Amino acid sequence: MGLIVTYTKKYRKNIGILIKLLRKPDVAFGLIILILFYSWSIIEGILQVIGSFIGKPDLGWILLPYNPFQPHLSQSLRLPSLTHIMGTDDLGRDIFSRILYAAPSDALISLVVVGGGILIGGFIGLFAGFYGGKVEEFNMWLTDLFLAFPALILAMVIEATFGHGYIYAMIAMIIVWWPSYARLFRAEAIRIKNMKYIDAALLSGLSKVDIIRRHMIRPALNTILPYATLDLGNVILFYSMLSFLGLGQQPPYPEWGSMVALGLEYFPKWWWYSLMPGLVILIIAVAAALVGDGLRDILGGEEKWV
Amino acid sequence: MSIWTYIINRAIRAFFLILGIIVLTFLLSHVLAPNPAYVWAGPHAAPSVVQAIIGEYHLNQPLYVQLYYYLISSLTFNFGISPFFKQPVSELIATYLPRTLQLIFVAMILTGLIGIFSGAFAAEHKDEWGDYTVKALYLISWCMPPFLAALLLQLFIAYKWGFLPPNLMADPTLPSPKPITGFPIIDAIIESNWPYFISSLRHLILPAFALALISFGIITRITRSSMLLSLNADYIRSAIMRGVEKRRVIYTHALKNSMIPVITLLALVFSWMISGSVIIETIFSYQGLGWLLTTALYNYDYPTVIGCSIVIGIAVVLANFVADVLYAVIDPRIKLG
Amino acid sequence: MGLTLDIEELYVTYRTPEGNIPAVRDVSFTLSEGEILGIVGESGSGKSTLALTLTGLLPQNVHVHAKRMNILGNDIDTSNLRKALDPLRGVGIFMVFQDPFASLNPLIRIRDQMAEAYVTKVRQKHGIKLGVDDVDDEELIEYLKRVNISDPHISIYKYPHQLSGGQIQRVMIAMALILEPRILIADEPTTALDVITQIQVLHELKRLVDEIKTSIIFITHDIALASVVSDRLAVMYGGYFMEVGDTLNVLKEPLHPYTVGLISSIPNKRKSEGYLSEIKGLYVPSETGGCPFAPRCSHAKDICIKEIPIMREINGRHIRCFLYG
């Protein structure tokens, strides 16, 4: 989202993008979900951080319907109802409140991992694509090497080596995430390199680094931006898999994936415990994919897969 | 250039990628790890065990010596003894890998069938309701967390309707066949152990379908868009002009050309399925490589984690190699690079 | 001589979100058996759209309307052209495309693609269903020999990318020999080829007429090339036929200002002046409803911008210009 905002700010003629996006019902639906998710995450995240700084953690659930940590054993494993719209867990805690409480960590990791992926992958990919030759060969070998590990496996090894937890999950994910951006940026760099205006820029005496900085990053973003938007959902999905395996935020903090794992014990009789967080992840990932698709249609970037 | 030069070139590349994978795990486990001895022995290991590990992995010697021993043992699939299972890691992998491979094999076939035919169908009915339905389905497939796919299948098909067993690899009361190939289903056929064969097939369907459910979306999408491209190509018009029947135009001419981008995706789908199988095997209590990996992870069994991931990395490199070769076989215009 | 094509007041319009774009307007012509009609026009004149209309392979967003469209004795329903022409493609109408490298499936051997044509012929002419693999290779090779392909025994098992552009166009002509279509549409079949190959391919095309009495619609932007092969010429501009007449007459005495311009821009050794003349300006789609050529025409009058002249017959020639009535 931050990306969309800065992008629209930067290009006045593209301010119409948001309006165009809202014209298609499916994209508008996705956009609304994403905006709700990220704005809620910012508000809730700020409250949680302030709460922990001033030693009043209850600030973190001041906006939530229930305290996400307080057990109410008399209320345990209640079906979704008007009082608990997603039901309660084994300790009687409101699942919806816990999902809302966990939102900021997912929002943050999606932005950090996509941003980190773009920075590292962009640097490696643009240079590989633009310089070609040995630089390209080595960079692409490195990319392929990282892509040879299924992302989840590499992240598991990294966390097995260094430890489990939110920060480790974030680092592990950046490490598995940059190669796909390196490939995208390289393909873009090769495409743009073959355009006439780059020749003109070279002839006019601009250095290669300047050309990458001035003439390549911006057009490359037309392809990257839709992909990055869609990727926000992928990151959240992937993080939920890590946290499902116990490699994310450690208990007692709620986390979407780990809630699913905790609920497995109560499956299938108390199905909502596992399914509700899973459905939330699905909806957010679908929303991101819809917005990414919509953006690609409007920006006219190429359809690329990594 | 002949197809063989291309294949040899790809094989060399694959070999160097495998070397790279081993070196990468070495860097993680011997160089970057804060305390390699405790990583390998486990954080709660007794000092005597840690000493033994230091000797076994040559951790007190210079890095290049460590790398040498590490490379040699990895290339010979000698990953040491698992501290948790008390068994050589290579034996563990030999037991668990085939189970995952048979799962992924079935899932790949399902994925390919669903993906290619739904993609072709959507392209044939572009901008009609069929197209929109397929689009909704592939979006959901693509964004579906593996555990959600597994749980939904389990909830409805196994628990609610009782069509298929919800978990395990086969009925535990049945005698399991002797491992000959290591693939339980094939071993059951060799032994003519039909009850076990049917039971393991029935247990395989749900997890395989869950894997297919989270993977077919990308194939659908690529098939659809490349079908649309090729249906507008001149050679399709030219085929229609010489009176080729519609079925042959779509399913031979257009589909064949649309398969090229799909084939390059197969390795990616394989890799994604391995990730997915870790989660799905946990939920279905299907004791394959993913189950082995998570169990090892929870029990600080580092040699098993490293061994599994090297083998998985090699499998993915080989899958890429196979995809490259298939690509060359299907597309006569081989390009090197 | 029978008519293979009889078309009256044909309109083809592209429907886009930005509005309707007329591509072919009020086109009427006939084609006799064994006749070669050259259609000359620059890009955007609608000549390729006209070709695709006759094959029924237009995109979905196109609206076709005609007062009469009779192809090979069948009155064609223009509302569903693709379907209406289904039974005619093959032995009825065949088309050779502009880009040889795009016109054969890159993943299928030449032999199989030729065999498909053979299968069609057997199916449409004799009602027998054959498989592609049932076709005799030697028979296909005979056809390749007839279009003078080098090493037909080897070439037939190659993939399209292994042949040159000229060879592929010969393969396409060989397919025409197999199908013996009553109408052959050739959309700039030689544009992508070098000059020598051009002439050879044109020669093969002309032989088609001699050997199988095909009628050919030869579409090109090159009036010199068109005049070499065609019996009659139709000059197209802005979607209209501007002038239609026997090739010799049109060349000797062009009447329409646009045709005059086209012919005087042919390089000619015998002409003494040092510069080639040219038509000024570029084709611009006109919005006014007048003659599309008016903005570039040196004879343009007020009426030319307001109204489109009708087609008039003058000495067996058809002209659409206010200069002639």
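**Chain contacts**

Guide: In this predicted model, 29 residues of chain C and 20 residues of chain B make the contact, where contact means heavy atoms within 4.5 Å. Local features need pLDDT of at least 70, side-chain atom pairs count only at pLDDT 80 or more, and totals for chains, interfaces and linings use all residues. Residues are numbered from 1 along each chain as its sequence is written, chains are lettered from A and ligands numbered from 1 in the order in which they are written, and side-chain values use heavy atoms, with hydrogens and water left out.

Visitor: How many salt bridges are there across the interface of chain C and chain B?
Guide: The rule finds four, a salt bridge being a side-chain nitrogen of Lys or Arg within 4 Å of a carboxyl oxygen of Asp or Glu. One of them joins Glu245(B) and Arg123(C), at 3.7 Å from N to O.

Visitor: And what area do chain C and chain B bury between them?
Guide: About 2200 Å², with 61% of it on carbon and sulfur atoms. Buried area is the accessible area (1.4 Å probe) that two parts lose on being put together, summed over both.

Visitor: Turning to chain A, how many residues of chain B are in contact with it?
Guide: 53 residues of chain B touch 47 residues of chain A. These two chains bury about 4400 Å², of which 81% lies on carbon and sulfur atoms.

Visitor: What is the count of salt bridges between chain B and chain A?
Guide: The count is three. Among them is Asp293(A) with Arg221(B), whose closest N and O atoms are 3.1 Å apart.
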